Amino acid sequence: MNRNSEKFTLAGHAGSMEGLLDFPADTPRGIALVAHPHPLYGGTMDNKVTQTLARAFVALGYVVARINFRGVGASEGVHDHGVGETDDMQLLYEHMRSLYPGLPVALSGFSFGTFVQSKLQERLAAAGTPAERLALIGSAAGKWAMANIPADTILIHGELDDTIPLSAVFDWARPQDIPVIVIPGADHFFHRKLNHIKNLVIALWHGDKPAIAADDH
């Protein structure tokens with residue numbers, strides 16, 4: 001945690017939730033909620049891909065909120081197969097909206113977190129308050145019943161992902177006509193490819209041409 005980060009706790013449906021806020025240098029232009037990978041396989045809000053997404057949105061000028069899902073870290077409760085986790089992410093959404101009224105909200109996630117964020121966006125859209133946009137990394141398509149997503153979603157996947165095969169992501173994205181950005185040589189955890197994710201999200205969020213820098217992770 002750096003000096004521009006702040007820990008917090010929030011009352012959830014299954015007990016206290018542990019979270020972290022990351023602040024941009026200037027007044028926030030938006031709110032970003034970032035969801036981590038599967039809790040039963042070691043996923044936490046400090047996962048490297050999750051941290052990379054947080055850094056990308058901070059660079060875009062967003063205040064970023066992350067929570068540990070149920071049973072992870074100091075968050076109470078037990079894993080609820082994505083249903084309770086979506087409930088908790090919705091509580092985080094409502095909490096952040098109360099702190100920063102009027103700001104647009106971005107949703108982002110990695111692996112299992114993409115399932116949670118797709119379901120949250122589905123709920124928000126049904127209520128007439130969809131998030132500004134989604135950035136989904138290492139989509140959980142094929143393992144979880146992902147909701148349909150908006151056409152402008154940033155969807156990034158690793159060519160060599162053997163946890164969630166690229167073919168499964170294409171099978172899910174194809175009927176929705178959603179482009180899939182493939183990072184050559186990347187595995188599920190994007191080892192040595194993290195800067196690719198950060199640079200792509202920063203550039204594509206505003207429709208710019210991405211400049212890919214060398215990765216030192």
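Which residues in helix 2 meet which residues in helix 3?

## Helix 2 against helix 3

In this predicted model, the helix 2 side of the contact is made up of Val 83, Glu 85, Thr 86, Asp 87, Met 89, Gln 90 and Tyr 93, and these meet Phe 112, Val 116, Gln 117, Lys 119, Leu 120, Arg 123 and Leu 124 in helix 3. The axes of helix 2, which spans residues 83-99, and helix 3 come within 9 Å and cross at roughly 60°, and the crossing is right-handed.

Two of the residues named on the helix 3 side, Phe 112 and Gln 117, are taken up again below.

## Helix 1 against helix 5

Helix 1 (residues 48-59) and helix 5 (residues 194-205) have axes that come within 9 Å of each other and cross at roughly 35°, again with a right-handed crossing. From helix 1, the residues Lys 48, Val 49, Thr 52, Leu 53, Arg 55, Ala 56, Phe 57 and Ala 59 meet Leu 194, Ile 197, Lys 198, Val 201, Ile 202 and Trp 205 of helix 5. This contact divides into 10 nonpolar residues, one polar and three charged.

Trp 205, which belongs to the helix 5 side of that contact, also has a charged group above its ring: the charged end of Arg 133 sits over the ring of Trp 205, 5.3 Å from its centre.

## Aromatic pairs around Phe 112

A pair of aromatic rings is described by the distance of the centres and the angle of the planes. The model holds nine aromatic pairs, counting rings whose centres lie within 6.5 Å. In one of them, the rings of Phe 112 and Phe 115 have centres 6.2 Å apart and planes at 45°, so the pair counts as tilted. Because Phe 112 and Phe 115 lie three residues apart in helix 3 (residues 112-126), about one helical turn separates them, and both are buried.

Phe 112 also forms an aromatic pair with Trp 144, and here the arrangement is edge-to-face, at 5.0 Å centre to centre with 70° between the planes. This second pair links distant parts of the chain, since Phe 112 belongs to helix 3 while Trp 144 lies in the loop between strand 6 (133-137) and strand 7 (154-158), 32 residues apart. Phe 112 counts as buried because its relative accessibility is 1%, whereas Trp 144, at 23% relative accessibility, counts as partly exposed. Together with Phe 69 and Phe 115, Phe 112 and Trp 144 form one aromatic cluster.

What does Gln 117 touch, not counting residues up to four places away in sequence? Gln 117, found in helix 3, touches Leu 33, Val 34, Ala 35, Met 89, Leu 107, Ser 108, Gly 109, Leu 134 and Leu 136. Its relative accessible area is 0%, so Gln 117 is buried.

Leu 155 is found in strand 7, and with a relative accessible area of 1% Leu 155 is buried. Leaving aside neighbours within four places in sequence, Leu 155 is in contact with Leu 136, Ser 139, Val 169, Trp 172, Ala 173, Ile 178, Pro 179, Val 180 and Ile 181.

Terms used
Residues are numbered from 1 along each chain as its sequence is written. This is a predicted model: local features need pLDDT of at least 70, side-chain atom pairs count only at pLDDT 80 or more; totals for chains, interfaces and linings use all residues. Side-chain values use heavy atoms; hydrogens and water are left out. Rings of Phe, Tyr and Trp (its six-membered ring) pair if their centres lie within 6.5 Å; planes under 30 degrees apart count as stacked, over 60 as edge-to-face and the rest as tilted. Helices (H or I, at least four residues) and strands (E, at least two) are DSSP runs, numbered from the N terminus. Buried means under 20% relative accessible area, exposed over 50%, partly exposed in between (1.4 Å probe, protein chains only). A charge sits over a ring if NZ of Lys or CZ of Arg is within 6 Å of the ring centre and within 35 degrees of the ring normal. Axes are lines fitted to C-alpha atoms, for helices over the stretch in contact, and angles run from 0 to 180 degrees between N-to-C directions. A crossing is left-handed if the near helix is turned anticlockwise from the far one by less than a right angle, and right-handed if clockwise. Contact means heavy atoms within 4.5 Å. Ala, Val, Leu, Ile, Met, Phe, Trp, Tyr, Cys and Pro count as nonpolar, Asp, Glu, Lys and Arg as charged, and the others, Gly among them, as polar.
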